[in-house]
Amino acid sequence: MVLRWPDTAPAAGAVVLRPFRASDLPLVAELSTDPYLPLIGSIPADYSDEAGLAYIARQHQRLLDGTGYSFAVADRVDDQALGGAGLWLQETGRTASLGYAVAPSARGRGIATDALTALTAFGWTLALDRLELYIEPWNTASLRAAERAGYRRDTLLVGHLIVGGTRRDLLRYLQVRPQ
């Protein structure tokens, strides 16, 4: 599938979703200090500028590969990168899974909710029928962000994912295309 970058950057609340840039290396460095994020994504656990640039290149490659969109979550006022958000297309082409991470220094300000709201609105422009989130039950901040962005809990997936060598349960949250 050939994907195009959106003509208008998705935005909601205090954030805008934009492509990652080399100037976002401080964000990648900060995200790598979170002990959980490198276990579930491609954030480097051992940060270096080289590893950070490779991470940014992987984010751009997702669009080129046709697998989905990876955005830097930036402050609408000063364009400082505060996190990342992604939308990954499933094989059916009608469903996508979404994910997000906020830098530790930006947490507690509603950034995840704003990013997820912008990402969801963008997802509906892609003619998708269903958007899904997968969240570990202990991650109450992420659960709250999902609910504030209009997602509802669907089911508990027991032992669904191996994280750090341990099989983990995940809660699936979803939205279905509005009629």
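Strand 3 (residues 68–75) and strand 4 (residues 81–89) run antiparallel to each other, paired over 7 bridges. Keep in mind that this is a predicted model. Ala74 sits opposite Ala81 in strand 4.

**Helix 4**
- Helix 4 (residues 111–124) has 14 residues and reaches 20 Å from its first C-alpha to its last, close to the 20 Å expected at 1.5 Å a residue.
- Of those 14 residues, 12 are buried, so helix 4 is largely enclosed by the rest of the structure.
- The buried residues include Ile111, Leu116, Phe122 and Trp124.

**Aromatic pairs**
- The structure holds 7 aromatic pairs.
- One of them is Phe20 with Tyr55: the ring centres are 5.8 Å apart and the planes are at 85 degrees, so the pair is edge-to-face.
- Phe20 is in the loop between strand 2 (15–18) and helix 1 (25–31) while Tyr55 is in helix 3, so the pair ties together parts 35 residues apart in sequence.
- Phe20 is buried at 4% relative accessibility, and Tyr55 is buried at 7%.
- Tyr36 and Trp138 also make an edge-to-face pair, with centres 5.1 Å apart and planes at 85 degrees.
- Tyr36 and Trp138 are 102 residues apart; Tyr36 counts as buried at 17%, whereas Trp138 is partly exposed at 49%.
- Ring pairs also link Trp5, Tyr69, Phe71 and Phe122 into a cluster.

Terms used
Residues are numbered from 1 along each chain as its sequence is written. This is a predicted model: local features need pLDDT of at least 70, side-chain atom pairs count only at pLDDT 80 or more; totals for chains, interfaces and linings use all residues. Side-chain values use heavy atoms; hydrogens and water are left out. Two strands pair if DSSP finds at least two bridges between them. Helices (H or I, at least four residues) and strands (E, at least two) are DSSP runs, numbered from the N terminus. The expected span of a helix is 1.5 Å times one less than its number of residues. Buried means under 20% relative accessible area, exposed over 50%, partly exposed in between (1.4 Å probe, protein chains only). Rings of Phe, Tyr and Trp (its six-membered ring) pair if their centres lie within 6.5 Å; planes under 30 degrees apart count as stacked, over 60 as edge-to-face and the rest as tilted.
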